[in-house]
Amino acid sequence: TEETLVLVKPDGVARGLTGTILARIEAKGYALVDIRLVEPDRDVLAEHYAEHEGKPFYEPLLEFMMSGPSVAIRLTGNRVIEGFRSLAGTTDPTSAAPGTVRGDFGRDWGLAVQQNLVHGSDSPESAQRELGIWFN
Ligand code: ATP
């Protein structure tokens with residue numbers, strides 16, 4: 001059993017997709033360990049997205065992530081890290097498969113990649129690091 005950090009990003013919350021996303025997580029059988037509405041400041045986001053500092057999309061991404069509340073979820077399950085990323089679909093919703101969150105709900109517009117609805121940790125190390133940032 002693993003743990004992962006899932007975020008329903010500001011676009012997902014604003015579009016009223018939190019319940020839909022939670023329903024998919026629950027249908028899969030993953031268990032909610034903790035869940036909270038969060039309004040991260042710049043420091044939290046800089047830590048979370050440290051690996052992307054200096055990239056062209058970094059500043060707009062932080063601004064977007066401060067544009068409204070997100071929902072942070074501590075999730076547990078068998079191979080949940082890979083499983084949730086599979087449920088989320090590829091980073092770019094344009095190419096995400098139907099049946100995935102990003103494939104079904106990611107909108108076809110200029111900010112599709114930035115506003116891709118969800119985040120999921122990509123490794124056990126990232127999960128522990130990120131859970132420490134969002135749930136401490
Ligand atoms: P996440 O870590 O959020 O699940 P990911 O691992 O699929 O996403 P990363 O490459 O780690 O994607 O990028 C982190 C986030 O940065 C993406 O989810 C997206 O919001 C944003 N992002 C990544 N690449 C771009 C890009 N080329 N243009 C705009 N935003 C981007």
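## Overall size

The protein chain has 136 residues and a radius of gyration of 14 Å; a compact globule of that length would have a value near 14 Å, so the two agree. The radius is taken over C-alpha atoms, and the globule rule is 2.2 Å times the number of residues to the power 0.38. The C-alpha trace spans about 35 × 35 × 25 Å along its principal axes.

This is a predicted model: local features need pLDDT of at least 70, side-chain atom pairs count only at pLDDT 80 or more, and totals for chains, interfaces and linings use all residues. Residues are numbered from 1 along each chain as its sequence is written.

## Fold

The protein chain holds 7 helices and 4 strands. Both are DSSP runs: helices are H or I with at least four residues, strands are E with at least two. Along the sequence the pattern reads β-α-α-β-α-α-β-α-α-β-α.

Residues 1–136 are 41% helix and 19% strand, and their end C-alpha atoms lie 21 Å apart. An unreviewed UniProt entry annotates residues 1–136 as "domain: Nucleoside diphosphate kinase-like". Such annotations may be inferred rather than shown by experiment.

## Burial

Of the 136 residues, 30% are buried. Buried means that 20 or more other C-beta atoms, placed from the backbone, lie within 10 Å of the residue's own.

## Around the ligand

Phe-57, Leu-61, Thr-91, Val-113, Gln-114, Asn-116, His-119, Gly-120 and Asp-122 surround the ligand. Each has its C-beta atom, placed from the backbone, within 6 Å of the ligand. This shell has 3 nonpolar, 5 polar and 1 charged residues. Asp, Glu, Lys and Arg count as charged; Ala, Val, Leu, Ile, Met, Phe, Trp, Tyr, Cys and Pro as nonpolar; the others, Gly among them, as polar.

Definitions and conventions:
A residue is buried if 20 or more other C-beta atoms lie within 10 Å of its own, exposed if 12 or fewer, and partly exposed in between; C-beta atoms are placed from the backbone.
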